[in-house]
Protein chains: 2
Amino acid sequence: MLAAMEKPGLRERKKQRTREALIDAAQALFCAHGFDATTIDQIAGSVEVSPRTFFRYFTSKEDVALALADDQITAVLEAFAAQPADLPVLTALRTAAVEVIRTYETDARFHSLQDVISVNPALTAARVERATARFAEVASLAGARMGVDPVADPRPYLVASVALCAVPTTVVAWRAAGHQAAESELTRQAFDLLSAGLDYPAGPAVAGR
Amino acid sequence: MLAAMEKPGLRERKKQRTREALIDAAQALFCAHGFDATTIDQIAGSVEVSPRTFFRYFTSKEDVALALADDQITAVLEAFAAQPADLPVLTALRTAAVEVIRTYETDARFHSLQDVISVNPALTAARVERATARFAEVASLAGARMGVDPVADPRPYLVASVALCAVPTTVVAWRAAGHQAAESELTRQAFDLLSAGLDYPAGPAVAGR
DNA sequence: GCCGATAGTGTCAGTAAGTGACACTTGGCG
DNA sequence: CGCCAAGTGTCACTTACTGACACTATCGGC
């Protein structure tokens, strides 16, 4: 079960190359013309592959756009599991998330794709959908960390949903509003605010609106 | 601008009836056969209207399914604005959300539609999309309540995204996991946990996995 | 009560996503 | 070489959704 580092055979490697090529082509086209304006025919065409074949690699147009986002979630999961066991949940999760985002932050391809996703509401929502599909995994890890049963206690689920869904969404909204701070910094900030609790008291009336 | 309670004319009323009829028909069909298995032709047909006309009332199939969800968000917005100004943000938002959900909780139609949405990932995602579109409104209200500028301070946005996106998602996940508690109760609980902060310390190792 | 502007609807033709069936090509292997 | 199966292309099809244009029914003024 562990030994699988063998060179995977010529066929397998070709398949992998096709997959990568499709992702690259899709990203390039999405960045150039936008998500909606790009057709499957174009993506497939620019890799010299039939549209039918595209759908043998990706279940939908969204799928190819979110391939990297999926990898990112997986990476956060792994980093979360690797944190020292005595850390409070959100602290561990924050550290994991920030670590992962730091890794991607230098990747130009990642950034332009990030923009493509942020700009398109349907894509943004689809990313949340992907995240939702993995709540159970995060909740399970969080529950173990807290020493509670994630089936009996709603808190691990809440932590998972906030981390996988609210935090990235907030970051996107915040960026879209014109604040160009680094993703990792915004993420760290969001987690810290969540740690402290969100029930801010009423303040003095603010001038203007 | 205030006087608009006039009987809106025969034409307008007919339009409204068609809209309601389409929503009802769609809901019935969705509940009976599921979202994907229901076609626009069926919905339009059962109201004796052309498919083209359907798209003059709703921009998409999702749109008709989420018509009620939109109303719900609007209701929460209004209830939030109506809360006493000296309440802490999350407390006010929690009260508003619980009030609204209580209202809908007795509506059988709402419940079956809720199930239709939860069961379909694409619909769930679309609902998140709708919620995301209204972050700015909630953030603005929250900012005013906190006495801070929602453009300069990320906290109102965080509150908005958690309330509109993470909380309902958690509730759905929690229900899907088999816990049949009332929506309003789960929502209240989620808000209370958020108020207290989520950074739970590491606990003793839990038996089982 | 007639009549013209206009809102609402139907018809038709078209694009694009996504799927199933089947035939073909090509890598892996005796 | 020649077989098997994975991978791919082709074709035909369904369905969501859109634009153009013609038709019908309401509403306003006369």
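A residue is near a molecule or strand if its C-beta atom, placed from the backbone, lies within 6 Å of it. The model described here is predicted: local features need pLDDT of at least 70, side-chain atom pairs count only at pLDDT 80 or more, and totals for chains, interfaces and linings use all residues. Residues are numbered from 1 along each chain as its sequence is written, while chains are lettered from A and ligands numbered from 1 in the order in which they are written. By that near criterion, DNA strand C is surrounded by 19 residues, the closest being A:Leu10, A:Ser60, B:Ser50, B:Arg52 and B:Thr53.

**DNA surfaces**

- Two or more residues each come to the surface near DNA strand C from α1 (10-33), α2 (40-46) and α3 (51-57) of chain A, and from α1 (10-33) and α3 (51-57) of chain B; helices are DSSP runs (H or I, at least four residues) numbered from the N terminus.
- The surface near DNA strand C holds 4 nonpolar, 7 polar and 8 charged residues, where Ala, Val, Leu, Ile, Met, Phe, Trp, Tyr, Cys and Pro count as nonpolar, Asp, Glu, Lys and Arg as charged, and the others, Gly among them, as polar.
- DNA strand D also has 19 residues around it, with A:Ser50, A:Arg52, A:Thr53, B:Leu10 and B:Ser60 closest.
- For DNA strand D, the elements giving two or more residues are α1 and α3 of chain A and α1, α2 (40-46) and α3 of chain B.
- The surface near DNA strand D is made up of 4 nonpolar, 7 polar and 8 charged residues.

**Interface between the chains**

- 53 residues of chain B are in contact with 54 residues of chain A, contact being C-beta atoms, placed from the backbone, within 7 Å.
- On the side of chain B that touches chain A, at least two residues each come from α6 (89-105), α8 (121-132), α9 (135-146), α10 (155-176) and α11 (183-196) of chain B.
- α10(B) gives the most to this side, with 12 residues.
- By class, this side of chain B has 36 nonpolar, 11 polar and 6 charged residues.
- B:Val159 touches A:Leu198 as well as B:Val89, B:Leu90, B:Leu93 and B:Ala142, not counting residues up to four places away in sequence.

Terms used. Contact = placed C-beta atoms within 7 Å.
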